[in-house]
Amino acid sequence: MSRPQPENAVRRGAKTLLEFKGYFCSIVTNRAIMNKKGQMYFQGSPGLPDLLAIRGGCVVAVECKTFSGMLSESQKAWRQEWERHGGHYVVYRGPNDLRDY
């Protein structure tokens with residue numbers, strides 16, 4: 001059995017904490033899929049966050065990173081657009097990053 005990847009553990013921790021705080025929380029799937037012809041295509045959109053959570057009308061997009069992890073350019077662009085439209089966005093590395101939510 002393989003060991004879980006560090007960002008997967010961070011994501012599980014963020015999801016657990018959000019649910020404990022009363023948020024409805026969903027993991028966002030953004031993955032490559034191969035069709036029957038062997039061609040790869042992406043399901044989702046570049047830069048999507050790892051989690052979307054909502055409580056009392058407050059919607060939070062959460063990108064989970066290890067302490068050394070950095071946002072990609074597509075994640076930075078997605079974040080900028082999300083915040084431009086009034087959305088809340090958190091880069092989660094540990095519980096303190098969600099203290100205001």
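Okay, ground rules. What you see is a predicted model, where local features need pLDDT of at least 70 and side-chain atom pairs count only at pLDDT 80 or more, while totals for chains, interfaces and linings use all residues. Residues are numbered from 1 along each chain as its sequence is written, and side-chain values use heavy atoms, with hydrogens and water left out.

So, salt bridges. I mean a side-chain nitrogen of Lys or Arg within 4 Å of a carboxyl oxygen of Asp or Glu. How many salt bridges does that rule give?

Let's take one in helix H1, residues 6-20. Helices here are DSSP runs of H or I with at least four residues, strands are E runs of at least two, and both are numbered from the N terminus. Lysine 15 pairs with glutamate 19, and their closest N and O atoms sit 2.5 Å apart. The two are four residues apart, about one turn of the helix. Are they buried or exposed? For the cut-offs, buried is under 20% relative accessible area, exposed is over 50%, and partly exposed is in between, using a 1.4 Å probe and protein chains only.

Helix H2, residues 73-84, has a pair as well: arginine 84 and glutamate 81, three residues apart, again about one turn. Their side chains meet at 2.6 Å, N to O. Arginine 84 counts as exposed because its relative accessible area is 57%, whereas glutamate 81, at 36%, is partly exposed. As for networks, salt bridges with shared partners link Glu7, Glu63 and Lys65 into one.

That brings me to glutamate 63, which sits in strand E5, residues 58-64. With a relative accessible area of 2%, glutamate 63 is buried.

What else does the glutamate 63 side chain reach? It makes a polar contact with the side chain of glutamine 75 at 3.0 Å. A polar contact is a pair of N or O atoms within 3.5 Å; within protein, one must be able to donate a hydrogen and the other to accept it, and residues adjacent in sequence count only if both atoms are side-chain atoms. Leaving out residues up to four places away in sequence, glutamate 63 touches several others, including Leu48, Pro49, Leu71 and Tyr89, where contact means heavy atoms within 4.5 Å.
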